[in-house]
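This report covers a metal site and a loop residue. Please look at the model first.

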Amino acid sequence: MTLATIIRGARVVTPAGVTTCDIGIEDGKITALAARLEGAGEVIDASGLIAMPGGIDSHVHISQPSGPGIEMADDFGSATAAAVCGGNTTVLPFCLPEEGQTLRAAVAAYHDKARGNCRCDVSFHLIVKQTDPVTLGQDLPALINAGHTSFKVFMTYQGLALSDREILDVMAVAREQGALVMVHAENEDAIEFLRDKAERDGNTGPQFHARTRPVPVEREATHRAISLAEIADVPLTIVHVSNGEALAEIRRGRQRGARVFAETCPQYITLTADDLDRAGFEGAKYVCSPPPRTTDDWGAIWAGITGGDFELFSSDHCPFRFADPAGKDAPGARNTFRNIPNGIPGVETRLPILFSEGVIKGHISLQRFAAITATNHARLYGLTTKGAIMVGMDADIVLWDPELKRPIRQKDLHHGADYTPWEGFEITGWPVRTILRGQTVMQDGALVGTPRGGHIARGAPEVTL
Ligand code: URP
Ligand code: ZN
Ligand code: ZN
């Protein structure tokens, strides 16, 4: 047998178990897994390393319209550079129409932005913010057919939040077309009530972002989203779950038979609302929604990660520069938290944080790590050739050095943001080589080659994980 590449002697994490073996690669696919393979153009010595499926980050925001004068810190080039340096081989960003743009036109424009610029593979979720007959009756079905088989609806953010009736109408399309609905569950009216009061009382610093989005705001919306999905008879994903009470709603829904998938993110096991209270305007670096909570909530989220409640661990990478009027320092942002763009960067640090905090500290196994960072993302969102080290799959593989110790430092990162919320956070275990469809795209923290990622049209969501 002639192979293009052999990865020699890694501990290989497969859905069937963890075993030390060689991985054979030909034409960008995994073609052999065996104790010893011979005869390849390239042999990568991976002894002492762990071979994992390339990370799939199914929740990132790239070049997303963010309001007048506000600009996201990453385009497809920088976001995917950061992604591969953080051990990812596929990311799923959200396509949001500009004001007055149709969903179909937005997707075409998004493809143009991505084309030729991606260092890993990408596939777009849609954001449904309008429910007119053309969007629901024509654009959405056509786009689902073209492989955009998942979409997000918002219960918060002015201009994005849908009413319950509108969410049900969107869910009905998902049911008819076999797509998966993702829900951002926070109650916009409740937030607005609390925000108005905070501003009247002169409570306008970044920390009041967290205080005006308390746990009941998320808990109530989580319960309502699941109830709406039960009424529409569809599965759904609750994205970026931040606390134990929202997770309890998910557990209760599942006990009733609701088909609920759950996602959480690094910020909900490592940051707290106190970070938004940092001196000066520093707290703005941590403004995201839902906000980071308490260390008790870290415990509840960890229990969900170790106990199997969370299928997905994503970054919710949503980068804005800090020292920039087009970013966190937007006009009026120092006058009221309302004007601070929501979101934090994290696509490059998601996997090292979970590896270090989860695997190295003994909370989760290598297999659970692979499941919640890659395999489940592929299955749930219809990436049929990705997410597992198995013969026949794309050779999307990441080699990890489990002993490499280094703190997270902004100066080492590749994203377009000018800060990381995890500056100085100690990590044990880093990805040292990222392989996309058989080609090395990152080695020892440096980018290799030119962008060779492409857009992946997805199949039907696998909703029986
Ligand atoms: O603050 C956040 N998470 N911004 C990104 C948009 C979203 O809601 O996911
Ligand atoms: Zn969201
Ligand atoms: Zn998000």
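## Zinc site: spacing and donors

The donors of the zinc ion (ligand 3) are spaced H-x1-H-x254-D along the chain. Distant parts of the chain are linked by the pair H59 and D316, which sit 257 residues apart. H59 belongs to strand β6 (residues 55-60). D316 lies in the loop between β14 and α11. This is a predicted model.

The protein donors are H59 (NE2), H61 (NE2) and D316 (OD). They lie 2.0 Å from the zinc ion (ligand 3).

The zinc ion (ligand 3) has four donor atoms around it, subtending angles of 90 to 125°. The arrangement is therefore tetrahedral. The zinc ion (ligand 2) is 3.8 Å from the zinc ion (ligand 3).

H59 has 0% relative accessibility, so it counts as buried. D316 has 8% relative accessibility, and therefore also counts as buried. The cut-off for buried is under 20%.

## N342 in the loop

N342 sits in the loop between β14 (312-313) and α11 (350-360). Its side chain makes a polar contact with the side chain of S289, at 2.4 Å. A polar atom of the N342 side chain also lies 3.2 Å from the backbone oxygen of I340.

Which residues does N342 touch, not counting those up to four places away in sequence? They are Y157, H209, R213, V287, C288, S289, C318, F320 and K328.

Key:
Residues are numbered from 1 along each chain as its sequence is written. Chains are lettered from A and ligands numbered from 1 in the order in which they are written. This is a predicted model: local features need pLDDT of at least 70, side-chain atom pairs count only at pLDDT 80 or more; totals for chains, interfaces and linings use all residues. Side-chain values use heavy atoms; hydrogens and water are left out. Helices (H or I, at least four residues) and strands (E, at least two) are DSSP runs, numbered from the N terminus. A polar contact is a pair of N or O atoms within 3.5 Å; within protein, one must be able to donate a hydrogen and the other to accept it, and residues adjacent in sequence count only if both atoms are side-chain atoms. Contact means heavy atoms within 4.5 Å. Donors are N, O and S atoms within 2.8 Å of the metal (3.2 Å for Na, K and Ca); water is not among the atoms, so sites may look incomplete. Four donors count as tetrahedral if all angles lie between 85 and 135 degrees; four count as square planar and six as octahedral if opposite donors are over 155 degrees apart and all others between 65 and 115; anything else is irregular. Buried means under 20% relative accessible area, exposed over 50%, partly exposed in between (1.4 Å probe, protein chains only).
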